[in-house]
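Visitor: I have a model open on my screen and would like to know what lies behind the words used to describe it. Could you walk me through it?

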Amino acid sequence: MTQIALECRDVTVSFGALKAIDGFSHQFEAGRNYGLIGPNGAGKTTLLNVLAGRLFQNKGTVLCNGADISAMPAYKRARAGIGRSFQITKTYPEMTVAENLRIAAQIKHSPFLPFWVATRYDRQLQHDIDAMLELTGLVAYRDEIAGTMSYGLQRALELGVTLLPQPTILLLDEPLAGIGHHEIDNATRLIRSAAQGRTVLLIEHNMDAVMSLSDEIVVMSNGCKIACGVPQVIRADQTVRSVYLGEEAPA
Ligand SMILES: Nc1ncnc2c1ncn2[C@@H]1O[C@H](COP(=O)(O)OP(=O)(O)OP(=O)(O)O)[C@@H](O)[C@H]1O
Ligand SMILES: [Mg+2]
């Protein structure tokens, strides 16, 4: 039987009179990679905020692995395996790459450990950090001050920070935004390896990237789901093409 990692049932989020999300329902299967696309203001980031518990729906239900998490706060969802990155990079710019990763790695462990456990724990922590430096291609930058690096490297670091607690569900908000052309291929490769074996919701305006990274695309417009399907079908969908008129149409 197919396992559903995340499910939205009739989720609605209002900001005053504006319905940023308007009766959104979808089942996100475990281990599948989803692209979430739609024009500016469609409600994509708002949906990610609702799934991460940073914002609560006015109506509707959110389930994670079958359990109702509609009222669960963000930190508990993180512990339950939901990790997210932000549309704007949120690492500590004045700290080094390794320090940023260390903070992220420590979050999942208790700081109150007896010393004989602490030593072993510290070795494990160092191992996790080294593995993440390797995965993100940041080994040579471990002592670099995060804020002084290129935007592409900062995004790689942010992904490393998001991945360190080993989330099973990954919510990514425009991980390629602002990245220079020469860094896009590397960044796309990194997202592909991070996505492996995880349930992923990826918001991305870069159509080639999102189409190549996703098993299924969900299209939003005005807070509603207007289409979903495999990338080839979405590329050819007339409704999808028309909501993108004036923007980058899925080519
Ligand atoms: N905190 C808020 N208060 C009021 N309105 C908001 C708030 N957050 C989002 N909105 C509005 O909700 C709508 C959906 O915004 P959202 O950021 O989810 O869009 P998006 O699909 O992520 O767009 P983009 O592609 O530009 O990032 C927009 O009209 C936005 O102005
Ligand atoms: Mg957004």
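Visitor: Which residue takes a positive phi just after helix 1?

Guide: That is G53, with a phi of about 85°. Helices here are DSSP runs of H or I with at least four residues, strands are E runs of at least two, and both are numbered from the N terminus. Please keep in mind that this is a predicted model, where local features need pLDDT of at least 70 and side-chain atom pairs count only at 80 or more, while totals for chains, interfaces and linings use all residues. Residues are numbered from 1 along each chain, and chains are lettered from A and ligands numbered from 1 in the order in which they are written.

Visitor: What makes helix 1 largely enclosed by the rest of the structure?

Guide: A residue is buried if 20 or more other C-beta atoms, placed from the backbone, lie within 10 Å of its own, exposed if 12 or fewer do, and partly exposed in between. Eight of the nine residues of helix 1 are buried, so the helix is largely enclosed. Among them are K44, T46 and N49.

Visitor: Why is R235 called partly exposed?

Guide: R235 has 16 other C-beta atoms within 10 Å. That count falls between 12 and 20, so the term is partly exposed. R235 sits in helix 8 (residues 231–236).

Visitor: Which element gives the most to the shell around ligand 1?

Guide: Helix 1 does, with three residues. A residue is near the ligand if its C-beta atom, placed from the backbone, lies within 6 Å of it. Twelve residues surround ligand 1, the closest being F15, A20, N40, T45 and T46. Strand 2 (18–29) and helix 1 (44–52) are the elements that give two or more residues.
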